[in-house]
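Keep the view open and follow along from one stop to the next.

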Amino acid sequence: MKRGTTIYLYELAWILPSIALPVGMLVALTVTAFGAGIHLPSDAGRVDPLRVTEGAPFDRLGVTPIAPGEYEVRMLAQIWAFAPGEIRIPAGSRIHFWVTSKDVVHGFWIPRANVNVMVLPGQVAHVEAVFDRPGESPIICHEYCGIAHHTMASKIVVEPQS
Ligand code: CUA
């Protein structure tokens, strides 16, 4: 084999994966977005952060049944706590979380579920999750929000169905 040809093959060995990688990523993105329906949590509405508890939907916080096996959970993030401090839901239910912040940017992360959103003042975050297994899980603020950020957490208790 001539030397010139060998160099060309080495180049090809780098060029082809460098084309295949972004194409593979684009395919993965398309399949997850349109096939599996996975989307970024989007802006689900606006509220006035200074008067958020005066009107719907954040004047009544906590768990509200909306259909058999489905619940709406409205939560408020503020320095340095979530309200309510504990949520109780029956196992197997689908939960629609509506969360907003009264002051600064917070996070809303439930490690045992597919829930991980930023909570921005004035913006309503909406995220859904199904809780099949009974047990407890923390709800954690994972955006640095000030001196007591590390203490900011709530709890979700999934109760066995009776
Ligand atoms: Cu709220 Cu960190």
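## A walk through the model

At 37% relative accessibility, E128 counts as partly exposed; the label buried means under 20% relative accessible area, exposed means over 50%, and partly exposed is what lies in between, with a 1.4 Å probe and protein chains only. Before going on, note that this is a predicted model, where local features need pLDDT of at least 70, side-chain atom pairs count only at pLDDT 80 or more, and totals for chains, interfaces and linings use all residues. Residues are numbered from 1 along each chain as its sequence is written, and side-chain values use heavy atoms, with hydrogens and water left out.

Back to E128, whose side chain meets that of R94 in a salt bridge (2.9 Å, N to O). A salt bridge here is a side-chain nitrogen of Lys or Arg within 4 Å of a carboxyl oxygen of Asp or Glu. E128 sits in strand β9 and R94 in strand β6, so this pair ties together parts that are 34 residues apart in sequence. Helices (H or I, at least four residues) and strands (E, at least two) are DSSP runs, numbered from the N terminus. R94 is partly exposed too, at 34% relative accessibility.

How many salt bridges does a search of the whole structure find? There are 6. Another one joins K155 and E136, with the closest N and O atoms 3.6 Å apart. K155 is in strand β11 and E136 in strand β10, so the two tie together parts 19 residues apart in sequence. E136 is exposed, with a relative accessible area of 53%, while K155 is partly exposed at 28%. Through shared partners, salt bridges link E86, R88, E136, K155 and E159 into one network. For a buried pair, look at R74 and E72, whose side chains form a salt bridge as well (2.9 Å, N to O).

Now for the inside. In soluble globular proteins, nonpolar side chains tend to be buried together. A nonpolar core is a set of buried Ala, Val, Leu, Ile, Met, Phe, Trp, Tyr and Cys residues joined through side-chain atoms within 4.5 Å. The largest one has 27 residues, and F97, F108, I110 and F131 touch the most other members. Strands giving two or more residues to this core include β3 (70–78), β6 (93–101) and β9 (123–131). Apart from it lies another core of 6 residues, among them V52, F58, A83 and V124.

Next, find H106 in strand β7 (residues 106–110). Is H106 buried or exposed? With 0% relative accessibility, it counts as buried. Its side chain makes a polar contact with the side chain of D103 (2.8 Å); that term covers a pair of N or O atoms within 3.5 Å, where within protein one must be able to donate a hydrogen and the other to accept it, and residues adjacent in sequence count only if both atoms are side-chain atoms.

Finally, a detail of the backbone. Most residues other than glycine have a negative phi, and most peptide bonds are trans. Still, a cis peptide bond joins I79 and W80, with omega about -10 degrees, and the bond from A83 to P84 is cis as well, with omega near -5 degrees. W80 is in the loop between β3 and β4 (81–83), and P84 is in the loop between β4 and β5.
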